[in-house]
Amino acid sequence: MTDMGNSPASRDIAYVMHPYSNLEKHKETGPLILDHAEGVWVVDDNGKRYIEGMAGLWCASLGYGEQRLIDAATKQLKQLPYAHLFASRSHNPAIDLAEKLVAMSPGMAQVFFANSGSEATDTVVKTAWFYNNALGRPNKKKIIARTKGYHGVTVAAASMTGLPYNHIDFDLPIANIMHTSCPHHYRFGQPGEGEEEFASRMADDLEKMILEEGPDTVAAFIAEPVMGAGGVIVPPRTYFEKIQAVLNKYDVLLVADEVICGFGRTGKMFGCEQFGIKPDIMTVAKALSSAYLPISAMMVNQKVADVVAKNSGKIGTFGHGYTYSGHPVSAAVALETLKIYEERDILGHVNAVAPHLQDGLRKLTDHPLVGEVRGLGLIAAVELVANKETRENFDPKLAVAPTLVNKALEHGVILRAMMGDAIAFSPPLVITGDELDMMVDGFAKALDETLAWLK
Ligand code: PLP
């Protein structure tokens with residue numbers, strides 16, 4: 001480690017235990033410390049500016065410095081900085097936000113508030129169990145998620161997540177949570193197999209799993225409409241239609257995890273609308289408040305809401321909730337965020353500028369390192385390969401994607417390396433066409449430099 005004296009970097013190394021970081025390596029590299037931000041630009045403690053090509057963690061949808069959100073928070077902090085929703089207590093920000101979310105949603109009836117995506121998906125697991133106990137089906141408890149799916153990091157959420165680093169040495173997944181196949185045609189399609197045949201095979205895999213486990217033991221299937229952290233994987237067009245038919249056949253709840261896709265990321269308000277998904281339960285977070293304050297929600301349709309309510313009547317309570325469920329300041333900011341989406345026609349904007357990202361990246365398809373470019377709306381990934389013909393991956397020890405991401409940083413672009421050497425793009429939804437062009441340009445330069453570095 002270089003001598004950093006009593007600098008913020010050395011104090012960071014000494015005191016901060018970083019999430020999702022190589023804590024040993026961090027002692028050598030130290031942190032990238034951000035100081036302030038404006039629009040889609042963040043500025044580090046040396047004054048270097050970067051386009052936030054990931055909107056933080058796929059979340060700062062309205063970019064930075066949005067005065068209306070700052071005002072909404074300040075006003076609520078003055079009026080009622082805290083109130084809870086336990087034991088039938090309530091407050092207007094939560095009521096208004098719940099009403100608005102239901103009105104926007106594809107068929108949801110009620111909203112349960114939490115603080116993070118993980119809390120929302122964990123709540124889903126408990127709700128699915130509560131629901132089936134209420135219906136007198138105590139064995140119908142298994143949750144099927146997907147390999148490469150991402151649903152968070154709390155114990156049940158991390159169990160549903162289908163990525164190795166969330167399980168290794170954490171003694172996860174817990175019992176009764178399993179993973180079916182990942183609908184990534186480029187990686188898992190068989191030679192000569194078209195996208196639609198592949199989608200049918202994915203639905204067959206799910207049906208086989210349900211039959212092997214026993215349909216009366218399977219409670220729910222959870223999926224992100226477009227997989228995010230697993231590598232921005234867009235399923236074949238008819239995948240969800242085929243999956244839904246299987247779930248309906250065996251009375252298995254469909255849970256759409258909209259934590260990344262929700263609120264315009266894919267070019268529709270919800271990812272469900274992209275693929276005709278009719279969920280029983282939905283989770284939202286991240287862009288719900290443009291990440292200005294933590295808030296998430298599980299939403300349920302009338303069928304689930306009715307069963308849960310009735311059972312809580314029988315037991316005496318729905319014994320679940322967080323101190324900060326529906327926190328009034330977070331709820332006020334979320335409500336203002338949703339108003340801004342509508343007033344500024346965020347969907348219109350996303351669809352107008354998306355070609356700068358999607359077409360811009362697809363122009364790089366012939367680059368020797370590029371295996372696949374995928375995405376829609378303002379979410380995309382470029383997967384790097386060692387061999388374009390065989391689609392062979394690089395040895396993970398080479399850390400090709402992390403190297404590229406570091407080179408992109410030098411060009412003032414923040415991106416994210418994911419497993420399998422895929423580079424993710426998920427900028428603030430307010431980004432302009434020119435800013436997207438700059439982002440793609442910075443990436444393209446980093447791509448060439450990575451190729452040179454490999455030789
Ligand atoms: N679900 C999805 C689809 C996510 O992408 C994430 C986070 O990236 C989560 C759940 C977990 O959210 P959090 O990190 O807020 O707990």
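Visitor: So pLDDT is the predictor's confidence in each residue, on a scale from 0 to 100. What is the mean pLDDT of this chain?

Guide: The mean is 97, and 99% of the residues reach 70 or more. Keep in mind that this is a predicted model.

Visitor: And what ipTM and pTM does the model score?

Guide: The ipTM is 0.99 and the pTM is 0.98.

Visitor: Let's look at the ligand. How many residues surround it, and which are the closest?

Guide: There are 15 residues around the ligand, and the closest are Ser116, Gly117, Ser118, Gly152 and Val259.

Visitor: Which helix gives the largest share of that shell?

Guide: That is helix H6, residues 117–134, which contributes 3 residues.

Visitor: How do the shell residues divide into nonpolar, polar and charged?

Guide: The shell has 6 nonpolar residues, 7 polar ones and 2 charged ones.

Visitor: Okay, strands now. Is E10 mostly covered or mostly open?

Guide: Strand E10, residues 296–300, is mostly covered, with 5 of its 5 residues buried. In a regular strand, side chains alternate between the two faces of the sheet. Here Ser296, Met298 and Val300 lie on one side, Ala297 and Met299 lie on the other, and both faces are covered.

Visitor: Which strands are joined to E10 by bridges?

Guide: One is strand E4, residues 110–114, which runs antiparallel to E10 and is joined to it by 5 bridges. Strand E9, residues 281–284, is also antiparallel to E10, with 4 bridges.

Visitor: Which residues could I click on to find those pairings? What is the partner of Phe113 in E10, for instance?

Guide: Phe113 has Ala297 as its bridge partner in E10.

Visitor: Walk me across it. How many bridges link E11 and E12?

Guide: E11 and E12 (residues 379–384) share 6 bridges, and Val370 stands opposite Leu384 there. Next along, E12 and E15 pair over 4 bridges, with Ala381 partnered by Ala424 in E15.

Visitor: New topic, Gly442. Where is it?

Guide: Gly442 is in helix H16, which covers residues 433–454.

Visitor: Why does Gly442 count as buried?

Guide: Because it has 22 C-beta neighbours inside 10 Å, and a residue needs 20 or more to be called buried.

Visitor: Which residues does Gly442 contact, leaving aside those within four places in sequence?

Guide: Its contacts of that kind are Ala408, His411, Gly412 and Val413. Leu409 is worth a look too: 33 residues separate it from Gly442 in sequence, yet their C-alpha atoms are 8.5 Å apart.

Technical notes: Residues numbered from 1 in each chain as written. Predicted model: local features only at pLDDT ≥ 70, side-chain atom pairs only at ≥ 80, totals over all residues. Buried ≥ 20, exposed ≤ 12 C-beta atoms within 10 Å, placed from the backbone. Helix = DSSP H or I, 4+ residues; strand = E, 2+ residues; numbered from the N terminus. Pairing = 2+ DSSP bridges. Contact = placed C-beta atoms within 7 Å. Near = placed C-beta within 6 Å. Nonpolar A, V, L, I, M, F, W, Y, C, P; charged D, E, K, R; others polar.
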